[in-house]
Structures are given as C-alpha cells and as structure tokens.
Amino acid sequence: MANEGKKIRRIALLTSGGDAPGMNAAIRAVVRTAVFNGVKVLGFRRGYNGLINNDFLEMDSRSVNRMSARGGTMLYTARCEEFRTEAGVKRAADNCRYLGIDGLVCIGGDGTFRGALELSHYGVPVVGIPATIDNDIGCSHYTIGFDTAANTAIDAIDKLSDTMQSHERISVVEVMGRHAGHLAMYVGLSCGAAVTLVPEEPFDMERDILDVVREGRINGRNHFIVIVAEGVGGAPEIAHAIQEQTGMETRITIIGHVQRGGSPTARDRVMATRMGHFAVESLLKGEKQIVVCYRDSHICSLGIEEALTMHKELDRYMYRVAKEISI
Ligand code: F6P
C-alpha cells in the first residue's frame, strides 16, 4: 500500500515472540539501510512492551557492529499481555505518533504480525519480517532462523546416532516447531531418521513405528532414530511403547531451546540481511502495511491482512521422500 509520498525521516523496529537466530542480522540490515539513506532509527526493547512503555534506544551503524554473527536478539523479545487490549494498542500507536515514527519494522512470527496489523488500524505504517525457527508463516516460503535451528538439531541427532549405534538402541527425539512439522520433517530427512512424526500426518503406532523397527532389524539395522515433532507430543509414551513392543532399549532426548540459539548459518544471515534491506527500501518507496516474504527464490511483499490469512501446508512430497529413503 503506498504512503502518499510522505518523506521518511525516522523509523523504528522491534523483535517480538520467540527469538530466532538471524534476528540480529535483520536488525543490523534495517539499521544500516536506514542510516545509508539518511533515516534515523529507534530500537524498541522487549517487543510491543517497549512500544507501550516508550522503552527504546537510538541506533546507528556502530550499535549493530558484528551483529550478523550473534544469535538471540539485541533488542530482547517478549510476549506482551497489555498489547492484547485495545487500550494497549492505542497507547503504542499514540507513542509512535508522538515520536514521529514514519514506519515500524516488526520482526517475528504470526503473533507479531497480528500485533502489527492492529497498529496499522491506528494509522501506524508497518512492515513485518518473518523470523521463527518453526517456518510456519503462510505467506513466506522461508522464515529467518529455520536453517540454523535445523542444523543445531541435525548436529545433536548425528551425535545421538553415534551412541545409539554403539548400544544398539532407539533414540526418540523431540524437535521444536509448535503446531507445525516443517522443522521436524526437514531434520528427519537430513539425518535419515527411521520415523518422523509430524502433527499434519496422523500416525498408526503399529504400522508407522513398530513395523518399521521390526523390518529394519530384519534388514540388519541395529539402531534407529525416531523424531517426534513437538506438536505431536507424547515422546516418553512413544518411547515406552517401542521398548515394550520391540524389546529394544529406547532413550528420549528433548532438544528444546538449544534449537533457538547459536550463531546463524550463512543462509539465515543472508536471508535476514536481504529481508531487512527490503523492508526499509519498501518504506522509502512509500509502501506500508506489508509483510516481507521469500517466495519462489525472490524477496517480495504481500499486504499484511492477506498474509495473515495464508496457511503453509507441510511439503507432502518431501515427507514422502523422507519416508521412502528411511528403509
Ligand atoms: O515459535 C518458536 C518456538 O521455539 C516453538 O518451536 C516452541 O513451541 C515455542 O517457541 C517455545 O516457546 P517458549 O520459548 O515461550 O517456551
């Protein structure tokens, strides 16, 4: 949506929701693109809390030194209860107006974008940047942090494989992803898991797990990796049932928040930098109320309202590949 040619003098940014590796690289790109174009930047701390409480810092090129290499978010992040109320959103919008903010870049997941949409209803020009390790944003084929989290999980599972092989055990591993199986499936395919359970695909204990283990043993397999997406849940019960029914020892590992940390991979640094740059250039061109997206190998944008109606399906082909090559 165009901005009727208003000159952009000052923008602000925030990170909200769960952090993701690469958020700092996106912050750095936003700040430096703005500075390059003579635009002042304010960074709000702790997501929408900062906007409500006027908790911000003035940022320049030096405040984001070496930030492309650092995990987490230098602006902190939080979920904000007050922002769920109309009074909270209005207060945040009033602060934006008072501070003369011509554009607000909101980095995070769909909860972050819903917050940005609320602010846009009060006339705040917003741009969203998708960042979540879950890769569950409908409008964008990629979200910042996914690649780093996948690599962290793969590294952990490769290590688990070594010890499982030595003891001839079965490793049942829970991978994050909230309600979505994108991360679990990607990780399962990458590390040759015998079984990957995702919330999008109902499973049958006998057919999809026990038979796979039994047939694998007949084929000479002495250890197995079973990945359970967080959204499926029940990893301890699944491990218990496998041990009972197959006689093979099982061990459970919940990789947990380790997946959210660490220095971002090249893919996340580059994607975050391109998205951050695109976000500021969009504001400078007069575009607002949009989400930056990665679609068919291009960075582009969609209207935030439309973006929030979109849903990302699990890649069924990739899921089938993972299954077929796990024999
Ligand atoms: O959305 C990212 C994510 O790491 C999910 O995979 C997970 O379900 C959730 O956040 C955990 O949130 P919290 O850090 O609040 O426990």
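Predicted model: local features only at pLDDT ≥ 70, side-chain atom pairs only at ≥ 80, totals over all residues.

Modeller: In the largest pocket, α4 gives the largest share of the lining, seven residues. This helix spans 110-120. α10, at 304-309, also supplies at least two lining residues.

The whole lining counts 44 residues. Nearest the centre of the pocket lie Gly109, Asp110, Gly111, Thr112 and Arg114. The space inside comes to about 1,100 Å³.

Now its place in the fold. Domain 1 covers 10-145 + 264-309, and domain 2 covers 147-260. Both domains give residues to the lining, so the largest pocket lies between them.

Next, the second largest pocket. It holds about 380 Å³ of space and is lined by 23 residues. Ala194, Asp208, Val212, Lys323 and Ser326 lie nearest its centre. Here α7 gives the most to the lining, with six residues. That helix runs over 205-218. At least two residues each also come from α6 (182-190), β7 (195-197) and α11 (316-324). The lining of the second largest pocket divides into eleven nonpolar, five polar and seven charged residues.

Last, the ligand site. The residues around the ligand are Arg79, Thr132, Ile133, Asp134, Met176, Gly177, Arg178, Glu230, His257 and Arg260. Three of these can be described through polar atom pairs. For Arg79, an N or O atom in the side chain is 2.7 Å from an oxygen atom of the ligand. For Arg260, an N or O atom in the side chain is 2.8 Å from a ligand oxygen. Gly177 takes part through its backbone: a polar atom there is 3.1 Å from an oxygen atom of the ligand. Taken alone, the ligand exposes 400 Å², and the protein buries 77% of that.

To return to your request: the largest pocket lies between domain 1 and domain 2, with α4 as the source of the largest share of its lining.

Conventions:
Residues numbered from 1 in each chain as written. Heavy atoms only, no water. 1 Å grid on protein atoms, 1.4 Å probe; cavity = no way out; pocket = protein on both sides within 12 Å on 5 of 7 lines; lining within 4 Å. Points joined across faces, edges and corners; volume = space filled by probe spheres on them. Helix = DSSP H or I, 4+ residues; strand = E, 2+ residues; numbered from the N terminus. Domains from an automatic or database assignment. Nonpolar A, V, L, I, M, F, W, Y, C, P; charged D, E, K, R; others polar. Near = heavy atom within 4 Å. Polar contact = N/O pair within 3.5 Å; in protein donor to acceptor, adjacent residues only side chain to side chain. Areas by Shrake-Rupley, 256 points an atom, 1.4 Å probe, with all protein chains shown as cover.
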